[in-house]
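Hi everyone, thanks for coming. Today I'd like to walk you through one structure, so let's get it up on the screen.

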Amino acid sequence: MTEPVDTFHEGYAAYRSGDYSRARTLLRTSRQPQAVHLLGLVERRSGNYTDASRWLTRAAELEPTNHEIPHNQALLALDTGNAGQAEQFCHVALSLNSEFFTARNTLARALRLQKRWQEARVLYEHQLAIDPANVVAHFGMATVLLETGDAELARAALDALIAAHPDDAAMLFMRGRAHQELGQLTAAVADYQASHALEPTGHTLRVLTNLLWMTDDLQGVDRLLEAAGSIPTLLSTRAELLRERGTPDDAVVAVQATSIQELGADELAVLALAQIDRNEPDAAMQSAQQALNIEPTHPLATSALITGLLMQGKGDQALELIYPMRRSDPLGQHWIAYEATALRLCRPRDYAQLTDLDKFVRSFELPTPPGYRSLQHFNEVFLSELKSHHHYKSHPLNQSLRNGSQTSRDLRGIDRQVIQDYFAALDTPIRQYLEAVGDSADHPLTARNNGTYEFAGCWSVLLHGTGRHINHVHPEGWISSAYYVSVPAECEDETAKSGWIKFAEPPFATTPPSPPQKWLQPRAGLVVLFPSFMWHGTTPIANRSFRVTAPFDLVPGTVQPPG
């Protein structure tokens with residue numbers, strides 16, 4: 001029996017029209033390799049990523065020389081957050097067709113998602129040399145410019161793109177980011193609003209809400225979150241933002257009162273975290289387990305379940321969840337932090353070896369950079385520069401500080417002499433720290449110590465009246481820091497410890513309690529270095545005080561092979 005000639009074409013027509021159910025029915029009756037390929041695309045568009053992967057793998061087996069198939073596998077990998085796998089599939093596609101420019105753009109996107117900016121830039125430059133009108137490459141290049149600190153050039157490039165594509169949501173959003181980094185907040189809000197109106201996503205909702213919050217437009221925040229309540233796909237982000245603004249009760253109501261018949265893993269995970277905030281570990285663990293029943297490795301749900309166990313003093317049970325996450329995400333600093341807290345509750349000797357506060361938390365005086373009369377003079381010049389970059393009235397919603405502001409622009413991208421002098425001066429204490437902690441292979445901090453480092457981010461925080469940092473870690477760092485540019489006189493009081501940094505206290509109450517185990521007194525010119533997985537926070541400063549720091553995160557540098 002021969003296959004009906006029009007089966008594939010009818011399936012393709014159904015796919016193009018968005019009738020994925022009919023396309024699936026038609027294509028499953030076809031034995032043509034191209035039908036198997038198209039069936040993978042149908043499942044991808046339907047959000048059935050496991051089935052999509054299966055059909056695309058089968059299609060690649062049937063047509064191993066078809067360069068479109070590995071490219072679609074790359075796009076599927078990006079959908080599921082696996083940029084490394086997407087990179088591999090793009091290389092396969094390009095090995096089959098070196099002139100497949102769409103795959104080059106996708107490869108550059110995969111590199112961007114891995115923060116390999118310079119490699120992505122080289123690809124975009126190559127694309128634009130061949131095809132100067134390539135819009136995707138121009139947009140990618142603008143993104144790379146923004147991510148590498150050249151917000152001015154990025155904004156100019158995006159202005160030109162938007163002039164030709166005024167309704168492109170992604171371009172508007174990225175220009176909003178450029179405006180925000182340049183302190184042009186009114187223009188940033190306008191671009192974010194336009195992007196969100198065109199394509200409302202959880203990401204656009206989060207970024208716009210955060211900017212309105214930091215500029216004290218609380219009515220704008222309320223209006224935006226209320227409008228988001230009518231869009232089911234924004235439920236989890238909306239609930240998370242309600243929680244982050246300090247109203248976990250509203251987050252719980254938002255999730256529990258939704259019209260969605262079956263909550264997904266994301267919604268249940270946010271519900272669990274809000275219940276943690278309300279000190280309801282039993283309810284949180286129930287919600288987290290429901291999320292994990294849907295998505296067994298959901299990171300937020302796993303975090304909530306671990307936290308609930310630690311709140312109840314069940315360290316051994318928590319470790320049973322923590323160790324698989326440590327294996328799957330060995331560099332994730334938050335999992336190491338959970339491990340430390342669990343060990344503190346049930347295996348104190350192992351805990352002491354992991355945290356070793358005297359060895360791993362160290363302070364240094366910053367060497368006075370050349371060209372300044374003294375360290376005090378340097379700090380005065382540095383303080384003046386940093387203040388010019390604090391454009392906000394309130395703290396970011398998704399950060400640890402309370403009652404203060406944080407620069408949105410990475411200090412590495414600001415071409416000012418005093419900032420460059422700061423980075424140069426840091427080299428001495430950083431190298432002293434690396435030498436002091438050693439390179440033992442049996443510890444998550446020292447095992448990564450190859451004697452080199454790179455800055456993964458640097459910013460400034462200004463705390464004002466009652467300002468503080470809640471206890472937190474830096475999930476994507478390796479070594480974290482505090483550098484004190486200016487501190488209030490009250491920090492000298494060794495009894496009150498106002499504004500002091502504290503270590504090893506988790507942001508939730510454990511059974512038995514886990515209070516701070518080390519305190520350091522801040523003073524201008526002090527550099528404090530510690531593992532990024534170490535819980536740390538600060539005590540509040542007084543109402544009329546302010547404190548300015550310039551923290552940074554480090555990751556291991558790349559060791560060049562000999563020769």
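If we search the whole structure, one cavity of 30 Å³ or more turns up. Before I go on, please keep in mind that this is a predicted model.

So what can we say about that space? The largest cavity has a volume of about 60 Å³. Around the largest cavity you'll find A340, T341, R344, Y351, T355, A504, P506, F533, M534 and W535. Which helix gives the most to this lining? That is α21, with three residues. Helices α21 (333-346) and α22 (348-355) each supply at least two residues of the lining. By residue class, the lining of the largest cavity has seven nonpolar, two polar and one charged.

Two packed helices are described by the angle between their axes and the distance between the axes.

Let's take α13 (residues 202-214) with α14 (residues 218-228): their axes come within 8 Å and cross at roughly 160 degrees. Angles over 145 degrees count as roughly antiparallel, so that is how α13 and α14 run relative to each other. The crossing of α13 past α14 is left-handed. On the α13 side, the contact uses L205, L208, T209, L212 and W213, and α14 brings L218, G220, V221, L224, L225 and A228. That contact holds nine nonpolar residues, two polar and no charged.

The other pair is α8 (residues 117-130) and α9 (residues 135-147), which pack at an angle of about 150 degrees with axes 9 Å apart. Helices α8 and α9 are therefore roughly antiparallel to each other too. And what is the handedness as α8 passes α9? The crossing is left-handed. From α8, the residues are W117, A120, R121, Y124, E125, Q127 and L128, and they meet V136, A137, H138, G140, M141, V144, L145 and E147 of α9. This contact of α8 with α9 divides into nine nonpolar, three polar and three charged residues.

That's my tour, and I'm happy to take questions.

Key
Residues numbered from 1 in each chain as written. Predicted model: local features only at pLDDT ≥ 70, side-chain atom pairs only at ≥ 80, totals over all residues. Heavy atoms only, no water. Axes fitted to C-alpha atoms, helices over the stretch in contact; angles between N-to-C directions. Helix = DSSP H or I, 4+ residues; strand = E, 2+ residues; numbered from the N terminus. Parallel < 35°, antiparallel > 145°, perpendicular 65-115°, else oblique. Left-handed = near helix turned anticlockwise from the far one by under 90°. Contact = heavy atoms within 4.5 Å. Nonpolar A, V, L, I, M, F, W, Y, C, P; charged D, E, K, R; others polar. 1 Å grid on protein atoms, 1.4 Å probe; cavity = no way out; pocket = protein on both sides within 12 Å on 5 of 7 lines; lining within 4 Å. Points joined across faces, edges and corners; volume = space filled by probe spheres on them.
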